[in-house]
Amino acid sequence: MANPYLYIKSSIEDRVARITFARPPLNIFSIEMMRELGKALTECSHHRNLVAIVFAADKDCRAFSAGVAVEEHAEDTVYQMLDSFHAIFRTLIQLARPTIAVVEGSALGGGCELVAACDIVIASERARFGQPEIKLGVFPPVAVILLPRIIGDKRARELILTGDLIDAPEAARLGLVNHVVPSIQLEQKTLEVLSKLRDLSAASLELTRKAIDLGRGQSLDLPLREVENMYLHELMKTEDAKEGIKAFVEKRKPAWRDR
């Protein structure tokens with residue numbers, strides 16, 4: 001069967017869904033690509049026996065994902081951009097299946113946020129992670145909620161507020177990454193983890209995944225709605241947010257006006 005997508009590849013085999021980002025070179029998440037991701041995840045909901053969903057980059061790409069397309073933060077597309085991006089996370093919450101991110105290269109911005117939302121992260125020694133949105137005058141809505149829960153409040157604040165990047169060993173030390181292996185061993189390690197999950201009940205995994213979220217406290221959906229409102233109706237109304245996006249598109253340094 002021909003691949004129905006332009007920017008991703010999706011397959012379901014032996015109780016595992018594999019979603020591969022295939023928009024070289026950097027897997028920048030455009031609105032169309034994010035909608036494709038949403039459709040692939042919706043397809044997963046029709047398979048009750050799924051024990052895992054695996055996200056990875058195609059071998060022809062240099063990054064897991066360098067994030068959401070900056071030009072789509074423009075005023076006429078920002079609502080569609082945020083809606084299509086956050087729909088991915090809302091669908092993952094509803095699916096409640098174990099998720100695995102296999103990271104080769106960089107996972108930045110929206111790519112790093114997707115990594116943060118996954119249950120198990122397997123990274124190559126060359127992987128890098130970060131939320132550089134602040135350098136454009138904006139912030140990462142999902143990361144501001146998830147990163148403090150995962151790596152601790154102070155370190156999350158520092159990474160989000162400075163836009164600094166970290167390597168795979170540091171990401172593992174902080175708890176963002178589960179396993180760091182040489183690039184050549186990424187698939188082997190993924191198969192090891194999947195072997196464990198395939199021995200388990202899909203129904204039990206689903207309920208356990210939901211229970212973990214309940215035990216963590218407030219779910220992602222409610223705070224995400226509040227952060228979305230701030231992002232769209234306060235942040236994106238500032239002169240500096242508009243200037244940061246414009247400067248990136250025009251390949252120049254932004255001239256901040258602090259308002």
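## The largest pocket

Five elements, α2 (78–95), α3 (110–117), β7 (120–124), α4 and α8 (202–215), each supply at least two residues of the lining of the largest pocket. Of these, α8 gives the largest share, five residues. The model described here is a predicted one.

The space in this largest pocket comes to about 510 Å³. Its lining has 24 residues, and the closest to the pocket centre are Ala 117, Cys 118, Asp 119, Arg 209 and Arg 216. Sorted by class, the lining of the largest pocket has 16 nonpolar, four polar and four charged residues.

## The second largest pocket

The second largest pocket holds about 430 Å³ of space. It is lined by 24 residues, and those nearest its centre are Ala 66, Gly 67, Val 68, Val 70 and Leu 136.

Helices α2 and α3 each supply at least two residues of this lining. The largest share, three residues, is from α2. By class, the lining of the second largest pocket divides into 17 nonpolar, four polar and three charged residues.

## The cavity

One cavity of 30 Å³ or more is present in the structure. The volume of this largest cavity is about 70 Å³. Two elements give two or more residues to its lining: β8 (128–130) and α4 (141–151).

The residues lining the largest cavity are Cys 112, Phe 129, Gly 130, Gln 131, Leu 147, Ile 151, Leu 159, Asp 164, Ile 166, Leu 174 and Leu 176. They divide into eight nonpolar, two polar and one charged.

## The nonpolar cores

The largest nonpolar core has 67 residues. Helix α2 provides the largest share of this core, eight residues. Within the core, the residues with the most contacts are Phe 21, Ile 53, Phe 55, Val 103 and Phe 129. Phe 129 is also one of the residues that line the largest cavity.

Leaving aside neighbours within four places in sequence, Phe 55 is in contact with Ile 19, Phe 21, Leu 41, Phe 64, Leu 92, Thr 99, Ile 100, Ala 101, Val 102, Leu 114 and Cys 118. Among these partners, Phe 21 is listed with Phe 55 for the most contacts inside the largest core, and Cys 118 is among the residues closest to the centre of the largest pocket.

Notes:
Residues numbered from 1 in each chain as written. Predicted model: local features only at pLDDT ≥ 70, side-chain atom pairs only at ≥ 80, totals over all residues. Heavy atoms only, no water. 1 Å grid on protein atoms, 1.4 Å probe; cavity = no way out; pocket = protein on both sides within 12 Å on 5 of 7 lines; lining within 4 Å. Points joined across faces, edges and corners; volume = space filled by probe spheres on them. Helix = DSSP H or I, 4+ residues; strand = E, 2+ residues; numbered from the N terminus. Nonpolar A, V, L, I, M, F, W, Y, C, P; charged D, E, K, R; others polar. Core = buried A, V, L, I, M, F, W, Y, C linked by side-chain atoms within 4.5 Å. Buried < 20%, exposed > 50% of the residue type's maximum accessible area, 1.4 Å probe, protein only. Contact = heavy atoms within 4.5 Å.
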